[in-house]
Amino acid sequence: MTASTELWRLSAAQTATLVQGRAVSATEVAQAALARVAAVNPRINAIVDCQPEQVLARAAAIDAALARGEPVGPLAGVPVTIKVNVDQAGHATTNGLRLQKDLIATEDAPMVRGLLHAGAVPLGRTNVPAFCYRWFTSNLLHGRTRNPRNAALTPGGSSGGAAAAVASGLGAIGHGTDIAGSVRYPAYACGVHGLRPSFGRIANFNATAARDRTIGGQIMAVSGPLARSVHDLRLGLAAMARPDARDPWQVPAPLTGPELPRRAVVCLRPDGMATAPAICDALLQAAERLRDAGWVVDEVDALPPLKSAIPLQLALWLGDGYAQMVKTAEQEGDPGAIAALAGQAEFARGVDLPTYSDALSRRVTVARAWELFLADRTSAVLLPSSAELPFEDDLDLKDAASYQRVWTAQLPQIALPLTGLPALSLATGLVQGKVPVGIQIVAGKFREDVCLTVAEGIEARMPALPVAEPQA
């Protein structure tokens, strides 16, 4: 049996198997996880709300249910983390804001209910940038999260705390949300895997949002899992996708669809993007590994629209109360949030009702082009997660040119959510032993299973992701 001090290293699947078979107790797992948090979290500040007595009480309840012979779920005893922008009963839904430090949730959001129903043990709540506006993670309430693989780099955002926690062994599965890369980019930056499911796959509802309008943008957010193995992404998705009537837009689509041709395409420079050589190499290596797994993989020079999707995505975001966003950001006083909004001020001034209405109409054209491409040409697309390797921390605050550089590099992060398609960020290794690199995988609507199958084929042919050991 694995020594209790090393239980935190196990995958979610391994942990659940041991707990369900009563080879170890959920309490032993929780104790090991809490010890890891105590040892590592002070160096990276990924978890900003950890209440050990609640963690141990939840684990004890799992053990008691097992002792009574009751079913405990596929994530029995698995430590997970929850992002601070969704409701978890008894905890503040801060969204990284001092303005919301006392906004205590009275009920669990749908994806939290799903994880609990599956038997998971919430280990703590993870950090975000204020309002979840940036691809960098710091705020005036909880402080800064460090990248556990390289402290000079951003941990990504807005699910930077979730990615940093998973990468360093603080829980096997992290919950994140993604509007414009907030699951996929932190996974990329921290060297783990992250899945943004199709719009409608996972129910989205925050009761606190109805009580306080400073929680912006949540109607566009999609929840998804982060993990160190693709199989754990599968488990996290299945748990989070539990039906919940509070979200009328959730679609009860099956998690597995009909068999599709094992055919994929790889595009190194979509829409002429200036992709860094190391990322091109990662894509070509991933394509070769997928061919070895029995897939036909063709290299293509172009994909359906990405650049033209960005103004539409921005119009739908900024058209939903930009002036109020700016007012609240100034009230909070967070420099990152203020800079993020100021960088889009010129665009936002041009978003009127006709512009907003046009964006609603034109997004269908973009989504249709992608659906037709996937139906006619391929079952999956391999493309960059970003044009650049993970940014140095706070690059967007350096100057106007750096801010624009960040936005230009993030073309795939911003554009793809407009399509509603699932997208998976797959970590493929480290460049020069210290900079994470990875790729992105896209499939058809509600075909997360295709993304996962492709990712598993590639993952099986590369070294396992190591747990990060942050430096003091």
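Four helices, α10 (309–318), α13 (345–349), α15 (400–409) and α16 (411–415), each supply at least two residues to the lining of the second largest pocket. Helices (H or I, at least four residues) and strands (E, at least two) are DSSP runs, numbered from the N terminus. The model is predicted: local features need pLDDT of at least 70, side-chain atom pairs count only at pLDDT 80 or more, and totals for chains, interfaces and linings use all residues. Residues are numbered from 1 along each chain as its sequence is written, and side-chain values use heavy atoms, with hydrogens and water left out.

The second largest pocket has a volume of about 360 Å³. On a 1 Å grid over the protein atoms alone, a pocket is an open set of points where a 1.4 Å probe fits, with protein on both sides within 12 Å along at least five of seven lines; lining residues have an atom within 4 Å of a point. Grid points are joined across faces, edges and corners, and the volume is the space filled by probe spheres set on the points. Of the 19 lining residues, Ile310, Gln404, Trp407, Thr408 and Ile414 are the closest to the centre of this pocket. Helix α15 gives the largest share of the lining, 4 residues.

| Class | Residues in the lining |
|---|---|
| Nonpolar (Ala, Val, Leu, Ile, Met, Phe, Trp, Tyr, Cys, Pro) | 12 residues |
| Polar (the others, Gly among them) | 5 residues |

The largest nonpolar core has 109 residues, of which Leu75, Leu382 and Ile458 touch the most other members. Such a core is a set of buried Ala, Val, Leu, Ile, Met, Phe, Trp, Tyr and Cys residues joined through side-chain atoms within 4.5 Å. Helix α10 gives the most to this core, with 8 residues. A second, separate core of 37 residues includes Ala30, Ala46, Val55 and Leu170.

Helix α14 (residues 353–376) has 24 residues and should span 34 Å at 1.5 Å a residue; its end C-alpha atoms are 35 Å apart, which agrees. The expected span is 1.5 Å times one less than the number of residues. In α14, Ala359, Val366, Ala367, Trp370, Phe373 and Leu374 are buried, meaning under 20% relative accessible area. Their cover includes β9 (263–266), α10, β11 (380–383) and β13 (435–443).

Why is leucine 374 called buried? Leucine 374 counts as buried because its relative accessible area is 8%. Leaving aside neighbours within four places in sequence, its contacts (heavy atoms within 4.5 Å) are Ser379, Ala380, Val381, Leu421, Val442, Ala443 and Gly444.

Notes: Buried means under 20% relative accessible area, exposed over 50%, partly exposed in between (1.4 Å probe, protein chains only).
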